[in-house]
Amino acid sequence: MFHQIVQCFRHSSTLDLFSFTTIKLAFVLRTVGRTDSRRVRGGCRLWMGAGLSVLLLISPLHAEIRPHGESVDHPIVQWHEWGPDAFERAQAEDKLIILDLTAVWCHACHVMDQTTYINPRIVQLLNTKFIPVRVDTDQRPDLDARYRAGGWPTTNVLLPTGEILFQANALNSEEMESMLLEVQSIYVTDKAVLLEEASQFWERVKEKVEADPSRENVLQPVMVKQSVEMMRVQFDPINGGFRDAPKFFEPEAIQMVLAHGFFEDDPGLLTIGLDTLKKQVGLHDPVWGGFYRYAEQADWSQPHFEKMLSIQALNLRNYVEAFQLTGDFQFQRIALAIIEYVSRFLTDPQTGLLYESQDADVRGTEGRLSMSGAEYYALNESKRLAIGIPYVDRRIFTGSNALMAWAYLHASVVLDNVEIGERALQILSRLFDQRFDVDKGLAHGGAGNEPNLSGLLSDHIFFGQALLEAYRVTGKSQFLQKSEILAEVSQRLLHDSANGGFFDHPQMPGTLGLLNFPTKPVKENFQAVLWYLDLFHLTEEPRYRFIAENTLKVMVMSRQPLPLALSGLAIDQWFRIPIHIAVVGNFDDAMTKILLVEGQRMFCPGKIVKRFDPDEGPPKWGDITFPYDERPVAFVCTDRMCSAPVFQAEDMKKSVADMMAVLRDPVQK
């Protein structure tokens, strides 16, 4: 058996390992099914994400991740935090590390705490023969990116230096005990070979990181068409969404098909997005609003009932854009219900900042299940309140707050809701003041006793994009300036100036395990491309376009699988010049305001709306000086031409449509 494991490790090249954002040692053991759970057999199994969605192996049972109190009759696992102490002890005592990746809202994590991790035999094994380490992935997305295999929980067995020996998701007591005994036996028997293979592994990683393939002519418009056609193939015409079961939200896919369908006048592509938004309401709570996390069945049934802030934010964006595009009030109603849910259950009444998640189930003492989500969410409001509400994780994380601030700002204009726009500005101002440090970047979480991170790429991107949306909505330059400051800090802390692209966290000495690997995650890098392209279009600073181009080329050439929709969206925006709408008139004039609001509310992804008050100087945008005859007026422009003057709001949509028709003309392309 050991021969199989080592050969699997030895023959897995770093080319294969680079095909996933999470790099892993490739000698991964696999547990046999429950019918033969007394043995663990060798096999090479990397958990891979494919296409538009990721396979999640989740137990249907529920339990609380917060452990019982220890007593003579109920010993508990002595979990360590991820850090030098745990690694130093593992190396000093020559023990393997058990790394449990968990989350507050995770069902299968709950069940393992209430079953596997209270089994006295498991507790004794973990406390005496291993170094058990527990990590909350909401708090440590950097570790999540490197050590999670598919879903939550991920049970990792690590060498004392942090390389992965084994991975699984939820394990029952019998499977866990069998696995622990076998991996310990393998380590004791063949330690020298494993450590040598680990050493060679890092040499291969170094060679691949230093490789710099040519990037000439790697960006082609045909890539966008290829992405779109693949999305058509993966679309489920019966149930909406992409692929079969389980069904996950694909917000970037919706964003892509709506934008590309609009620009290319493709009704079939628009139908894909709009039908999916209509069908996925099976995951929407009809009583309190808000969306559950995902569905086990292809028709969006059998939900997993936890509610995540990030899911609410991304869905709010999609439904507001659908209402923008169609004027269909069913999309508006869903958007308003999301806002109501977040306001009621996920908002700190003192600060206005937003909580991270809400559990699916109602729990009693020591986290014992009182009622499952399936039973609870089938009740009306009065019956729910009589029982109590599922636990809310009141931690406040920067990236998810920024995502919702962006969605709030966009919704505030489209839905004519000033209040949520003000909430968004309050969130951004408070977090920037409290969590931004010019040397360290943005802090991921708040102050307190828990470990904190600063300078995470995802936090910077989402916050930077939200600041740009605040600038678009308010016209106040302070938000653009803050986004530029954050972009400069991101370059200094995270940008690979030699080879292009952004690392997911700052490189620093003394990092542990796979944190030594400088990861450039594709999803976050494509989002960075969109951020820097927006900065370029809003400031006309060539350096932003240069960074976006280099990053895009690096990701297209990456050995990692590309996120289909997001890569297509980024490449499309690279080649597409945004529509510019100039509104000229005295800012106090009612018609000026009407034209400005109409320009902002109109669906035209990436458009830039800019106001000019002739009392403050000539209405000049780039090389163009707009004519003004004392009447408020708007002009729809590209980089090459402008429309005739638009004096009435109802004429602006037609002017944009006419401009789009010209741009679709093959001669213009």
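Author: The buried residues of helix α3, which spans residues 84-92, are Ala86, Phe87 and Ala90. Here buried means under 20% relative accessible area, exposed means over 50%, and partly exposed lies in between, with a 1.4 Å probe and protein chains only. Helices (H or I, at least four residues) and strands (E, at least two) are DSSP runs, numbered from the N terminus. Viewed down the axis of α3, the buried residues fall within an arc of 95°, so they line one face of the helix; the arc is that of the directions from the helix axis to the C-beta atoms.

This is a predicted model, in which local features need pLDDT of at least 70, side-chain atom pairs count only at pLDDT 80 or more, and totals for chains, interfaces and linings use all residues. Residues are numbered from 1 along each chain as its sequence is written, and side-chain values use heavy atoms, with hydrogens and water left out.

The buried residues of α3 pack against β3 (96-102) and β4 (130-136), where contact means heavy atoms within 4.5 Å. The face of α3 turned away from this buried side carries the exposed residues Asp85, Glu88 and Ala92. Just after α3, aspartate 94 takes a positive phi of about 55°.
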